[in-house]
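Hi everyone, thanks for making time for this. I have one structure to walk you through, so let me put it on the screen.

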Amino acid sequence: MSNSTPTVTVIIHMSIATKRGDDGTTALLFNKRVPKTHPRVMTYGRIDELTSAIGLCRAHSDQPATKELLLSVQKQLINYMGELATDDADQARYLEKYGDQAISKAMIDHLTDLVTEKEKDIQFKGWSFPGDTLADAFFDSARTTCRRAERGVVALKESGATVRLELVQYLNRLADLLWLLGREHTDS
């Protein structure tokens, strides 16, 4: 017979329905409450849509390296949303706490290198029409979602909000990469 103490596992149930947003507000990072129509909320919501669109691409790609790349991008976009979800007054606090995960020049350079590499293998034949394959259609949809998100980030910046240039550059490069990945997923 063992003298060890039995292990007890405690499961804490948390509901996703906090009901704090029932009044039409939501919390930015560091708990500042704003209307759900606040420009920052609208902008990081577009990045959330992009993350989901990339998930569809990942689910429909038959290329393991592409699936791995897209998962990496999705993880980076989670951090991207965190930065967008931070009020101007808390930007320094965000970078101090999460700066090592923030969108960086190195991440942009990596996307640029991927674009350059893929352009070597893809023959441009004029305008592309989404829908040659299901995966191609999802990549083109993700690209247009990315461009919409990019316009939202630029609009947020133009409104006077604190938005680092790297955030705009990242989406610009990502949209190019998504277009190229779509071409890799066509039948022709």
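This is a predicted model: local features need pLDDT of at least 70, side-chain atom pairs count only at pLDDT 80 or more; totals for chains, interfaces and linings use all residues.

Residues are numbered from 1 along each chain as its sequence is written, and side-chain values use heavy atoms, with hydrogens and water left out.

So, what does the protein chain contain in secondary structure? There are six helices and two strands, taking helices as DSSP runs of H or I with at least four residues and strands as E runs with at least two, numbered from the N terminus. Along the sequence the order is β-β-α-α-α-α-α-α. The C-alpha trace spans about 65 × 60 × 30 Å along its principal axes.

Of the 188 residues, 40% count as buried; buried is under 20% relative accessible area, exposed is over 50%, and partly exposed is in between, with a 1.4 Å probe and protein chains only. If you take contacts (heavy atoms within 4.5 Å) between residues at least 6 apart in sequence, 72% of them join residues at least 24 apart. The chain exposes about 11,300 Å², with carbon and sulfur atoms supplying 54% of that; these areas are Shrake-Rupley values with a 1.4 Å probe, and for residues only the protein chains shown count as cover.

Now please look at the second largest pocket. A pocket here is an open set of points on a 1 Å grid over the protein atoms alone, with protein on both sides within 12 Å along at least five of seven lines, and lining residues have an atom within 4 Å of a point. The lining is Gly-126, Trp-127, Ser-128, Arg-143, Arg-147, Ala-175, Asp-176 and Trp-179. Two elements, α5 (134-158) and α6 (165-184), each give two or more residues to that lining. The largest share, three residues, comes from α6.

Last stop: the loop between β1 (25-27) and β2 (33-35), where you'll find Phe-30. Asn-31 sits in the loop between β1 and β2 too. Phe-30 has a phi near 70°, a positive value in a residue other than glycine, and Asn-31 also has a positive phi, near 70°.

Definitions and conventions:
On a 1 Å grid over the protein atoms alone, a cavity is a set of points where a 1.4 Å probe fits but cannot get out, and a pocket is an open set with protein on both sides within 12 Å along at least five of seven lines; lining residues have an atom within 4 Å of a point.
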